[in-house]
Structures are given as structure tokens and as C-alpha cells.
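This report describes a protein structure for a reader who is new to the subject. Please keep the sequence and the three-dimensional view at hand while reading.

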Amino acid sequence: MFNVKISPDEVSDVLKEEILRFAQSIDVYDSGVVLQVGDGIARVHGLENVMSGELVEFPNEVYGVALNLEEDNVGCVLLGEERLVKEGDIVKRTGREVEVPVGDELLGRVINPLGQPLDGKGGIKAQKTLPVERKAPGVVERQPVNEPLYTGIKAIDSMIPIGKGQRELIIGDRQTGKTAIAVDTIINQQGKDVYCVYVAIGQKGSTVARIVETLQKYGAMDYTVVISATASDPSPLQYLAPFAGAAIAEHYRDTGRHALVIYDDLTKHAWAYRQMSLLLRRPPGREAYPGDIFYLHSRLLERAAKLSDELGGGSLTAFPIVETHEGDISTYIPTNVISITDGQIYLEPGLFYSGIRPAINVGISVSRVGGAAQIRAMRQVTRSLRLDLARYREVAAFAQFGTELDRATQMQLIRGERLQEILKQEQYNPMPVERQVVSLFAGTEGYLDDIPVEAVRRFEKELLQFIEGKNPKIFTEIASKGELDEEVESELRTAIEEFKKGFKAQ
């Protein structure tokens, strides 16, 4: 037996020579030959004129995207079954970027990032397609964000207001209610002419099915498109998913309408891109992510905008979701996305497990659009809300030591406990803004101070029912005027006082 050592380079050179002989009759500018395939990546010789990000066609109706344009080969990521591609296969340029169908035909459907249906309801006959990668609107094409986008969640609409065209990050540990906020916001858009796109990246198929079922139950699928790239899908599909979602939502923005897109979540999107980049042998950087991971998310989120009136005044609002570990928001991907977005809603596990849901930490959560995206009535009733809650948290921590407290501090505790209680809200139960104003007015004006904490939520529910039955004009006037003028405020105070006389705490 001879111990012959064969270097991989020699084998590679021989293979390339054989393939080059085979490929002499092929136009290398528009065609190529697969040199190597594995792990969802194909290395192709030829394709001299191919563009970065161009769609290329393999045999057996398998497509790929050319991402690495190297001196002697092109690195392509496969968007279909890897087993259908083998060495020596002919690859052709398509001359097109990756595109996705857009339009009202997609509403109510569940699709993959290439626009293929996953819900068994037949093909999608969309009239128009858009490239998944598009340039974000420039500064001149935009206008300031000043129109509210209501989530229906009291804690958000009162203290962290979101405007149409904003990018608001939802961040927190696993199982703290991040997706619940996104789903509630979609449900709350019913009848508000906001078209929603929910992008599920790297989740379990059963989780996506449950979300779709919930949206159907509350009638929200009529104005929603769900894009699913589950954990079992190839990483290139997970990488494309949010860009496809942005393109579908941009169709509504560019036709003068309003859209909301939810990326759930960008942590798994970054993992998918890291996996692809390492397999393409791109140099790794911090935490093995490629150097352009920040640019990946910034070019995606910059597409959210409120367009100028000359361009139709449409808007695209983005809710990226990012998962943290043990509450650490100072790691690589969270800090990247925080710096790109216009504010964040931080969900804290400690609050969640103590029964405060939604578990929003109002100290770290912020909206950089602020009061510009709020009606005046909401600003009037929540002027001191954030400060009252912050003081309460501080005093509550101090009061745990059993120290004797003065009267003013005791009042802060009493008010804070009741405000915290009234901000609690059940899932899938978004509240119209005029009802939120009434609830929060009762809390901030001290009408709950003598109500036992355990009776506060029942008080709120019965108060809203009482006003709906006795004086519904209060709700309609808040909704139409957008402010609490003297007349409405007087009627509201009278209604609360009348209700309170007949309310039994036990």
C-alpha cells in the first residue's frame, strides 16, 4: 500500500480544469457551471456579468441569489432544495433582482418570502411585483411624523406614543409579551385603513399558525399579510423575509395609504445572515457577525417613512422586535437596532412575572416622536403620569424597609399603586383612544385614590359601561375634538362622581 497525500487544492484545480473544458461552449457572461455545492451555498464558475443580489436560475426550478462576486467564482445562496443542485449543473442569469408580488390580492394570505402561498388557498394572482431590496426615501421625500398610530394599549398610547412613519423597537427577553404587543396593534387597526404585514423570522411553524388563527378570530386577516420563514426554512429565506415584508408594505405607502410592518424578530434575522456570511467565507467580525450587519438592519428600517404630500402622504411604520438575554440590552444586535430606531418599548421579565402586563418598563422605554403623535386630550390627562409612576417605583422600593412614611409619600404610594393597576390590560383587548382618556383621567385626577387596589380594574370597566349607557356623548366629543375642553371635562367629572356614589368596592 502506498501512502499518497492528495491536497484539496490539487483536486480543486483538476475539477476546475475539467469543468472549464466542459464549459468552453457556454457563454460565461450569462451562464455558469456549479463548481461546488453544500450547506445551501453554490460556488459557480462563469456568470461574468452577474450583479450582486441578482436572481440566478439553477436546473429543476431552483433559484439562488448571487451575493459574493469573487475573482474566479460567484458565491450564490440557494432559495430552494439543495439536493436538486449538483456539481456541473448549468446556471443562468435572469437579469432580475429578487422580487415579490405586491397588492391587495395578498391580503388575508400566508406566504413565504418569495410570494409563494403557504395557506393552501391556491395561487396568488398579483398584478405587480417589487424588488425586495429598494432604496429608502430621501429627506426631501419625507415629512415629519405627527399622525398617531394607536396600538390600543393604554401604557403605550399614553406614555410612548407612536406616529405613522415611525420605527419603534419592541425589546425584551423571551416570553415577556413582545409578539402580544404586535398582534394587539394589528387587531387595533380594524376600520382604521392601516394595512398590516407580519413577518415571522425563524419561529416555529406552530407559533405562526397560532398567530394566524388569532388574527382570523378577531377579523384582522382581512387587512393583513403574513410572511413566514420558519426555523426549518433555509437561512437565505429567513434573510429575505423582512425585506419582502418591507416591499409589500411599501406598495401601500407609495399609493398614498398607511401600512404597518412587524419584523418578528431581527435577532433571528441576524443569526440567519451570520450563518450565510460564514458559509460564503466572508470575514467575521464581532461575535462572528459580518462587518455589514449594522448596514443590513439600517437599510431595512430606513424604508419606514411618512412620505411628503406631493408623493401622496402615505406612511410605513415599522415595529422591529429584538430578543435580549437576561435583560441585557447592551449586547451587539440590541444596541445596533436601538441606534437605528426612533424609540423602544422595553419589556421587563420582573414586571411580567409579578403580574404587570403589558410588562413595560416606563423608565427605559421612550418614543423620540413623543407628543407630536398624540391627541391633545391624551397629553392633558397624562401630563404627570410617567413622573408619578417613576416616583412610585422609587418610593415603593424604599417603603419595603418598613420605614415610617410621611403623608405626602403615602399619597405617592397610593396614587402610584392605582395608576399601575389601571395600566394593566388583557391581551387581545385593545382600547379606543377616547376610552383610554377617560380611564387615565380617573386615575391621574385622584378619583381612584380611595378605591381598593383589587377593585380598580372593575371600577374602570363599570365606569366605561356607565358612561356608554348614560352619556356616550363624552366619548364621541373626545374622539371628534381631540381635546378635553371645559365643557367635556365638566361632563366627565360629573359622570365619574355620579358613578362613584353607586359603586360598591366589595
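This is a predicted model: local features need pLDDT of at least 70, side-chain atom pairs count only at pLDDT 80 or more; totals for chains, interfaces and linings use all residues.

Strands of a sheet pair through backbone hydrogen bonds, either parallel or antiparallel.

Strand β4, residues 62-69, is joined to strand β5, residues 74-78, by five bridges in the antiparallel sense. Within this pairing, A66 has C76 in β5 as its bridge partner. Strand β6, residues 90-97, runs antiparallel to strand β1, residues 31-38, and three bridges join them. Strand β3, residues 54-58, also pairs with β6 in the antiparallel sense, again over three bridges. Which residue of β6 is the bridge partner of S31? The partner is K92. K92 in β6 also stands opposite E57.

**Two packed helices**

Two packed helices are described by the angle between their axes and the distance between the axes. Helix α7 spans residues 293-301 and helix α8 spans residues 332-340; they pack at an angle of about 35°, with their axes 10 Å apart. The crossing of α7 and α8 is right-handed. From α7, the residues I293, F294, H297, S298 and L301 take part in the contact, where they meet Y332, I333, N336, V337, S339 and I340 of α8. By class, this contact of α7 with α8 has seven nonpolar and four polar residues, and no charged residues.

**Pockets and cavities**

Rolling a probe the size of a water molecule over the atoms shows where empty space is left.

| Space | Volume | Lining by class |
|---|---|---|
| Largest pocket | about 920 Å³ | 12 nonpolar, 10 polar, 11 charged |
| Second largest pocket | about 500 Å³ | 12 nonpolar, five polar, six charged |
| Largest cavity | about 100 Å³ | nine nonpolar, one polar, two charged |
| Second largest cavity | about 30 Å³ | six nonpolar, one polar, one charged |

The largest pocket is lined by 33 residues, and those nearest its centre are Q175, G177, K178, T179 and A180. Two or more residues of this lining come from each of α3 (178-188), α4 (205-217) and β15 (315-323). The largest share, six residues, is given by α3.

The second largest pocket has 23 lining residues, of which Y63, L79, N112, L114 and Q116 are the closest to its centre. Here β4 and β7 (99-102) each supply at least two residues of the lining. Which of these strands gives the most to the lining? It is β7, with three residues.

How many cavities of 30 Å³ or more does a search of the whole structure find? The search finds two. The residues that line the largest cavity include A155, M159, I356, P358 and R393. The elements α2 (154-159) and α11 (385-399) give two or more residues to this lining. The second largest cavity is lined by P148, L149, Y150, D157, P161, I162, A373 and Q374.

How values were computed: Residues are numbered from 1 along each chain as its sequence is written. Side-chain values use heavy atoms; hydrogens and water are left out. Two strands pair if DSSP finds at least two bridges between them. Helices (H or I, at least four residues) and strands (E, at least two) are DSSP runs, numbered from the N terminus. On a 1 Å grid over the protein atoms alone, a cavity is a set of points where a 1.4 Å probe fits but cannot get out, and a pocket is an open set with protein on both sides within 12 Å along at least five of seven lines; lining residues have an atom within 4 Å of a point. Grid points are joined across faces, edges and corners, and a volume is the space filled by probe spheres set on the points. Ala, Val, Leu, Ile, Met, Phe, Trp, Tyr, Cys and Pro count as nonpolar, Asp, Glu, Lys and Arg as charged, and the others, Gly among them, as polar. Axes are lines fitted to C-alpha atoms, for helices over the stretch in contact, and angles run from 0 to 180 degrees between N-to-C directions. A crossing is left-handed if the near helix is turned anticlockwise from the far one by less than a right angle, and right-handed if clockwise. Contact means heavy atoms within 4.5 Å.
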